[in-house]
Amino acid sequence: MAQDWLYTVKPGDTVWDLSHSMLKDWRYWKDILKHNNIKDATTIRPGMRIAIPMYEVREETSEARVEAVHGNVQVWRKGNSDPIPLKPGVALSVGDKVATGNNSTALLTLEDDSVILMQEQSELEFTCLRKLGGRESLDTGLFVGKGGLKMDANPSHFPDSSYEIRTVAANSAVRGTGFRIGVEGQSSRTEVLEGLVSVGNALGQVDVPKNFGTVIEKDTPPSKPVKLLDAPDLSAFPRRVRYLPTVIKLDTPPGAVGYHFQVAKDAAFVEMVLDRRVKGRFMIDQALPDGNYYIRVRAVDGQGLEGKNAQTGFQLDARPEPPIVRKPLPGTVLHAGDLLFSWADVEGVDRYLFELGADENFTDLKVSKELSGTDIELPVAEGSWYFRLTSITREGKKGPPGHPVKIEVLPVPPVPQPKPPATENGKLVLAWQNVEGIAGYNVQVAADKDFQDLIVDKTVNQASLALPRPPSGYYYMRLRSIDAEGYQGSFGAPQGFEVKPESYWPLAIFGIVAALLLL
């Protein structure tokens, strides 16, 4: 910490008054004059900065307060080796260390109304918390061990407060500003959003102004501050997301090598639910329940510095999910006459809206019917047709309509045609809607809806999977998407389907034999 405290003289201040109210011993007033080369005590004027040795300043202990906690956040109390869960309303003191887990945040405030928002996977220790000179001025020291934080320092503009933020690579001196600190391994980055931050170590120091940032490696001089990248354009981001997964791609601005995406339930981004750094695409998947959210995006440059925020809100309304179509699949050879349409049974869904139309916008509907089962057979004339399915809950909530499936129905041929290969040779074909930007899919099939008895667990790079036909019975299927960077989303709702016997003769013979044995 600084060896001197700099005090700004206010109207009406005198050396004698300050000595009695601010110093440990009023008799230090002569030392103050000598330390500042002031020959006449009556010459001090408002606005003058007086340096007071820290050992002479009267001080009181201060505390930080926990305003909000989201997710897994723990605190190590000074002198204790075991952590305890951090809760709102708790007071933090010098020596306390706070750590946040995955998708977890902590919102802390100081006595001068400074706000600290810890990001996920971060560690913060309070090394100094004190009020100086019997005033509201704070002397605050923080050590960021890893991760990152955003701080709005001294928003109420209490005079003469100071803050020192240390990392393994650098120290940052702050008097009143808004900034972000990030620590990764042996390096730290500082991004200034308001005011000015002085950043340095034993090998050098730089002043970082508003909208600039710097990166410092351990035992290396700080780099010259560079301008932060502009906020990405979110004007094309959907205000209502109906399908999962949804892949978001942004146009990369000059100098950007990736993005930092954050999704939260609140505009202050305390209740964080997703926090990821990606190269170019971001996937919103089944990990998020339906509801209202805020998304914040920053472009990241080649040094790892994060730019200005772009932020917007959106509604996720993707449940109940549409069922996976079983028959007919696109590309199947079909002929005019009675056609069987079947689909999987979505967990928690009461009924389905089946629609068949002559165009993919379903303005020219041939069939629109709500069904409690998972199949329907109806006559279809030759031509190009589209069908889709919508899940409906018992309460009447409709999910998003399924993506249109196009089928081509041929006239009845004079000679019987073979069935499509996908339905022969003992194969079971599973197919689903392909999502642009998705690199692969993890498919699981089980004999139980808890997926404890797994029959299939495969990862494929196309939107279909052909399997050896399993024994007749009822099965459950679920899917999760994998983006281009290997991130695996959450599984969607389980969907059930029945594999019927290819022939009922074995069952009939078994019944006859069983009856004979009972005679």
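**Charge, overall form and a helix of the predicted chain**

The protein chain carries 58 positive and 66 negative side chains, and the centres of the two sets are 2 Å apart. Lys and Arg count as positive and Asp and Glu as negative, with His and the chain ends not counted; each charge is placed at NZ of Lys, CZ of Arg, CG of Asp or CD of Glu. The model is predicted, and local features need pLDDT of at least 70, side-chain atom pairs count only at pLDDT 80 or more, and totals for chains, interfaces and linings use all residues. Residues are numbered from 1 along each chain as its sequence is written, and side-chain values use heavy atoms, leaving out hydrogens and water.

The protein chain contains three helices and 42 strands (DSSP runs, H or I of at least four residues and E of at least two, numbered from the N terminus). Its radius of gyration is 33 Å, well over the 24 Å that the globule rule gives for 519 residues, so the chain is more spread out than a compact globule. This radius is taken over C-alpha atoms, and the rule is 2.2 Å times the number of residues to the power 0.38. Along the principal axes, the C-alpha atoms fill a box of roughly 120 × 55 × 45 Å.

Of the 519 residues, 47% count as buried (under 20% relative accessible area, 1.4 Å probe, protein chains only). In helix α1 (residues 15–22), the buried residues include Val15, Leu18, Ser19 and Met22. Seen down the axis of α1, its buried residues fall within an arc of 105 degrees, so they line one face of the helix; the arc is that of the directions from the helix axis to the C-beta atoms.

Terms used. Buried means under 20% relative accessible area, exposed over 50%, partly exposed in between (1.4 Å probe, protein chains only).
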